[in-house]
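Hi,

Here is the structure I said I'd pass along.

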Amino acid sequence: MKTSHPVSAERRLSLGIELIALALAFALEAQAEPIFTIQPSPKETVASVGARVVNKVLASSTNGPIKYQWEKDGQIILNATNTTISLSSLQLSDGGLYTVVATDISGSIRSLPWIVGVNTAFTKITTDPIAGLIGRSTGVAVADINNDSFPDLFVSTVFTSNLLFTNSGGKGFVKILPNPVESGTRSTAGGTWGDYDNDGWPDLLVSLNAQANDLLYRNLGGGALKEVPATSFRSIGGNGNTCAWADYDGDGYLDVYVTNSDRNNFLYHNNGNGTFTQLTTNAIVTNSGNSQTCAWGDYDRDGLPDLFLGKGSANNVLFHNDGRGKFSTRPMFPMSKEGSGGGGTWVDFDNDGFTDLFVSNYGQKPFLYRNLGDDTFVKVLTGELVTESFQGTCSALSDFDND
């Protein structure tokens, strides 16, 4: 796929020269008023085809009413005479430089520019069933549940039932009915796929934030899911947030970890016969209160999955897998010296062969920790990925452009 750059350096220079020329044209007429009290913000927006972008200005004057006129690349936009402009269903032709001319009886003044770029790598889809979900989604989990080589989708929600969609051969998604993951109005916080019984079909664990038993669904083959009774998977009493599978003790069977808001987290050892045993004395459950996220990753390449634990009101914790089911903390590592409340993702972002850690945060800047390969990490402090604040609760990274 060929990806076009939203606004090239040459185009920026050309637009800047055009803007200066436009500003000079108004110089003789411009007086002290009107004055812009709100300039376009953000100054630059890059969005996918089909998206909606909005910007706003505001001017003040003591010389009568103010008239506004939005322009694109110096050309008047018909009917764009409000303080706010909205570009719906963004197209390639919408990319360019936008300014506003504010006019009163004393003269006119031009706003600072707003540059709009259109990213052709992604197109917003509005007609697929998953694009029209109504409710509060709390998590998604992707897996090829029917082995047709196309990824299917689970969506967890609060106040409404969870949903399961099958992929129609890359042409969209279809809601599976009757719903095999029906949850009623129980509040679910996330799900994770993993083949816990080694039969070649991915199974599904769903964490409940409702002081109720977490839900385990076995894939009977071909994507047919059936809930496992609590006698085989008993997980009662937690306010679950996230969950993740990993064979932490190397016995060939996937175990599962569940984070909880108000109590210790859950660790369930896979007995290899379709049942699980909850472990209550392991370090990763006795040092785990008020946890929001978890992520398994072998950061030291010893063949054993280590565990990152994100907490909402305390410092995060990194647990090293010492083998034979034992874990120890790494309090001197930088990710263990600050809290988050977002989602953690292990990924080798610099392609040096060692897994790094990205942590999204709610209401603060994300964290990115580079693995130096010698059992140490350094926090990355520069770059847009770690210098902008987000309301982040989860994260996922992928090579979307195949570079």
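**The cysteines**

Cys294 is buried, with a relative accessible area of 8%. Keep in mind that this is a predicted model, so everything here is computed from it. Cys243 counts as buried too, because its relative accessibility is 10%, under the 20% cut-off.

Cys243 is in no disulfide, and the nearest cysteine sulfur, that of Cys294, is 7.1 Å away.

**The four-stranded sheet**

Next, an open sheet of four strands, which are ordered β19-β20-β21-β22 and pair antiparallel. Its edge strands are β19 (240–246) and β22 (276–279), each of which pairs on one side only. On average, neighbouring strands in this sheet are turned by 20° against each other, ignoring direction.

Inside that order, β20 (residues 255–260) and β21 (residues 266–270) run antiparallel and are joined by three bridges. If you want a pair to click on, Val256 has Tyr268 in β21 as its bridge partner.

**The β15/β16 pair**

Strand β15 (residues 188–194) has seven of its seven residues buried, so the rest of the structure largely encloses it. β15 pairs with β16 (residues 203–208) in the antiparallel sense, over six bridges. There, Gly190 stands opposite Ser207 in β16.

Cheers

Terms used: Residues are numbered from 1 along each chain as its sequence is written. This is a predicted model: local features need pLDDT of at least 70, side-chain atom pairs count only at pLDDT 80 or more; totals for chains, interfaces and linings use all residues. Side-chain values use heavy atoms; hydrogens and water are left out. Buried means under 20% relative accessible area, exposed over 50%, partly exposed in between (1.4 Å probe, protein chains only). Helices (H or I, at least four residues) and strands (E, at least two) are DSSP runs, numbered from the N terminus. Two strands pair if DSSP finds at least two bridges between them. A disulfide is a pair of cysteine sulfur atoms within 2.5 Å. Axes are lines fitted to C-alpha atoms, for helices over the stretch in contact, and angles run from 0 to 180 degrees between N-to-C directions.
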